[in-house]
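Here is a friendly walk through this structure, grouped by topic. Keep the sequence and the 3D view open as you read.

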Amino acid sequence: MSFTALRSPRAWLGPLSVLALIAVVFFLGERMNFGPQQYMQLILDGLRGGTIYALIAMGFVTVFNVTGIINFAQGAFVMLGAMLAVSIYDSSLPLMPAAKLVVAVIGGIAGTTLIGMLLERLTIYPARHSSPLTLIIITVGAYISMQGLALIAWGAKPYVLPAFTTLDIADKTFRIGGVVLKAQSLWIWGTTALVLVGLAYFFERTLTGKALRACAINKRGARLMGISVNRMSLLAFALAAALGAIGGIVVAPTTRPTYDMGLVLGLKGFVAAIIGGLVSSPGAVIGGLLLGILENLAAGVTRSGMKDIYSFIVLILVLLYRPQGILRAGRKPVEAG
Amino acid sequence: MLRRALARYPNTAACLGMALGLLILGWIEIVQPGGFDFSDITGGLVTLDTMVRIGILSIVLVGLNLLMGYAGQISLGQAAFYGMGAYASAILTARYSLLGIPVAIAQSWWWPWLAILFGMIAAGGLAYLIGRPILNLRGHYLAMATLGLGIMFYILFRENLGVPGDHITGAFDGITAVPRLRIGGFDLWPISRYYFVVWTVALICLTLALNIVNSRTGRALRAIHGSERASQAAGVDIAHHKVQALVVSAVFASLAGSLYAHFQAAVSPKPFDFAGSLELVVMSAVGGMASIWGAPFGVGVILILKEVLRSGLRQVLRGASGEHEIVFYGVLLVVIMVFMPEGILVWTSAQLKELRGRRAVLPPGLERSP
């Protein structure tokens, strides 16, 4: 950033509002007599939620990069992954609980991926020549349909997936200096790290991954190189569905999955993607983690029912002051479609 | 003579026709000729209550169609503005003691009307504040901002505007005992009177919107939807016109929200959540986004379908609740956007024109690129 950029008031407004936000959090925390332990606990829990947002955000980024669509059905993939895994785990498969969990996880991811591909073929493919506005509304419709079908299939009651470590509802917890850490958090972070490494390998080292990136950079150029853009769109949806399902499955033991869990998770993943600039996977991860910590801190010092509001305040602030995301220096935002 | 005049001004003719039809419906309800009630004619499916709801939501939809169909900006949070109007009216008329408003003023007949005006100004102001910087950007940033706004406002309504306790908005239960509207000593209630109030306002909004569409601003909006760059090159101030459309849609939504609050005599946060905003988008898609006449049509189709589904689903699916109808909404939205993105009304008329050998003309922005 050059000095001329520092002189413009817009460049100052963003960092200033962030500082003001931190000051407000500490002020409110002081009134509730929060010590470093409480803050650490809030940050740790926020990181757990943030990791899930990061996984979902990467799904948004993948689909947006390849097709130029903001896929509002992303939240449904999260819900489907969790619900399918729970259903397989609760079924009467003659297996050990641990083996059954493995089958449930694989089944949940595979099933959701298939549904994601089906969704692309049934709704996006026939309308691929429509305007982006139409396509975005189609994904909204797809989300509503899937949530409705889930309601018919599973009902409105919350389900339980056992914690991965204990295979029980009660999870193993560690205490480090007064801060409680659930074993499931480690599973969430471990899985996400593995997924990130896997994705990096896929995009950098495999031909299919490179073809996908080529589509993101220049669709027409990719087509001229013999890459089938339609097939890449299908692949992007499959990848996004798998990412969403993984997120939904690892988070399931810490929440009670319901048919409508996808809405809020999906929207927050979307906010995380926007914070990261909507086109960058590392940005999506950072955006997710930041969002998780921020909303947990803010909710910790105020009404807990207000938790969901902070991410959307952040969304509007980011859109107003840094529409290009927090990572890129340029002023030019991405164009949808 | 009359026929030629009507053919020359189709919108005026349609407005007059609609007003006449609505007058007849209202007359049937009040006079009950031959012992026929209004709901008897439709077999109990459509009551005057449904008609009032259609009128109220038509006002929201007219504004939303101006924004989505003409300015080409998606709003996924229109229920926020709708809710702002409803809560502004409810709080100012039923919780006036909290705000320190003297009883003499709060009980007077003009106070609720002033509250409606206040809600409209607040919603329009907010739309302007949010819209001005965001609409300067290209792409569908408004969709994201309105989505955030919609959920924010729903939570604010639910969580007592973020203030401890639940004495302002009443949390989940909402505000009850919102007074009915009146003019001087004349009560605008029972429902057969309120029906005329709502539809008069709705027809005025429709006329206003039709005038906007056929004015310089309307042409500019359509040009923007067609191609932002080309219209900019032709000297159209893009951001200005988009903000205008957003502000008009917010003001209409707030007005409708106030009418809703006085109609229900109560407000609760539920109708203003994300699902509420989505329902508005579905209505807009069904009626045709780029069509002002599609607004009442889309609302009517969805609200009547809702009644049919509510009674029909229970027989097909045992233990089905009202929530199950959302599957149907979703599928309907997808099918319409895939096969007839211009909406049922425009699609049908285009199909008819094609049958008569004329080339179908689609609204700008919704036609398919080759």
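Predicted model: local features only at pLDDT ≥ 70, side-chain atom pairs only at ≥ 80, totals over all residues.

## Helix lengths and burial

The points below take up helices, the contact between chains, helix packing and some single residues.

- Helix α2 (residues 10–31) of chain B, with 22 residues, reaches 31 Å from its first C-alpha to its last, close to the 32 Å expected at 1.5 Å a residue.

## Where the two chains meet

- How many residues of chain B are in contact with chain A? On the chain B side there are 39, and they touch 42 residues of chain A.
- Four helices of chain B, namely α7 (111–135), α8 (141–158), α13 (274–287) and α15 (325–339), each supply at least two residues of the side that touches chain A.
- Sorted by class, that side of chain B holds 26 nonpolar, nine polar and four charged residues.

## Helix packing in chain A

- The axes of helix α4 (residues 74–90) and helix α10 (residues 229–251), both of chain A, come within 7 Å and cross at roughly 55°.
- That angle is why α4(A) counts as oblique to α10(A).
- As for handedness, α4(A) and α10(A) make a right-handed crossing.
- From α4(A), the residues in this contact are Q74(A), F77(A), V78(A), M79(A), L80(A), G81(A), A82(A) and A85(A). They meet A240(A), A241(A), G244(A), A245(A), I246(A), G247(A), G248(A) and I249(A) in α10(A).
- The residues of the contact between α4(A) and α10(A) divide into 11 nonpolar, five polar and no charged.
- Another pair to look at is helix α3 (residues 36–67) and helix α12 (residues 281–301) of chain A, which pack at an angle of about 145° with their axes 6 Å apart.
- The crossing of α3(A) with α12(A) is right-handed, and their contact has 14 nonpolar, 10 polar and two charged residues.

## Backbone details in loops

- The peptide bond from W189(B) to P190(B) is cis, with omega near 20°. You will find P190(B) in the loop between β2 (186–187) and α9 (191–213) of chain B.
- L278(A), a residue other than glycine, has a positive phi near 70°. L278(A) sits in the loop between α11 (261–275) and α12 of chain A.
- Is L278(A) buried or exposed? With 25 other C-beta atoms within 10 Å, L278(A) is buried.
- N160(B) is not a glycine either, yet its phi is positive at about 60°. The loop between α8 and β1 (182–183) of chain B is where N160(B) lies.
- N160(B) counts as partly exposed because it has 18 C-beta neighbours inside 10 Å.

## One residue and its surroundings

- V52(B) belongs to helix α4 (residues 48–70) of chain B, and it is buried, with 22 other C-beta atoms within 10 Å.
- Which residues is V52(B) in contact with, leaving aside its neighbours within four places in sequence? They are I191(B), Y194(B), Y195(B), V198(B) and F263(B).
- V52(B) and L280(B) are 228 residues apart in sequence, while their C-alpha atoms lie 16 Å apart in space.

Key
Residues numbered from 1 in each chain as written. Chains lettered and ligands numbered in written order. Contact = placed C-beta atoms within 7 Å. Nonpolar A, V, L, I, M, F, W, Y, C, P; charged D, E, K, R; others polar. Axes fitted to C-alpha atoms, helices over the stretch in contact; angles between N-to-C directions. Parallel < 35°, antiparallel > 145°, perpendicular 65-115°, else oblique. Left-handed = near helix turned anticlockwise from the far one by under 90°. Expected span 1.5 Å × (residues − 1). Buried ≥ 20, exposed ≤ 12 C-beta atoms within 10 Å, placed from the backbone.
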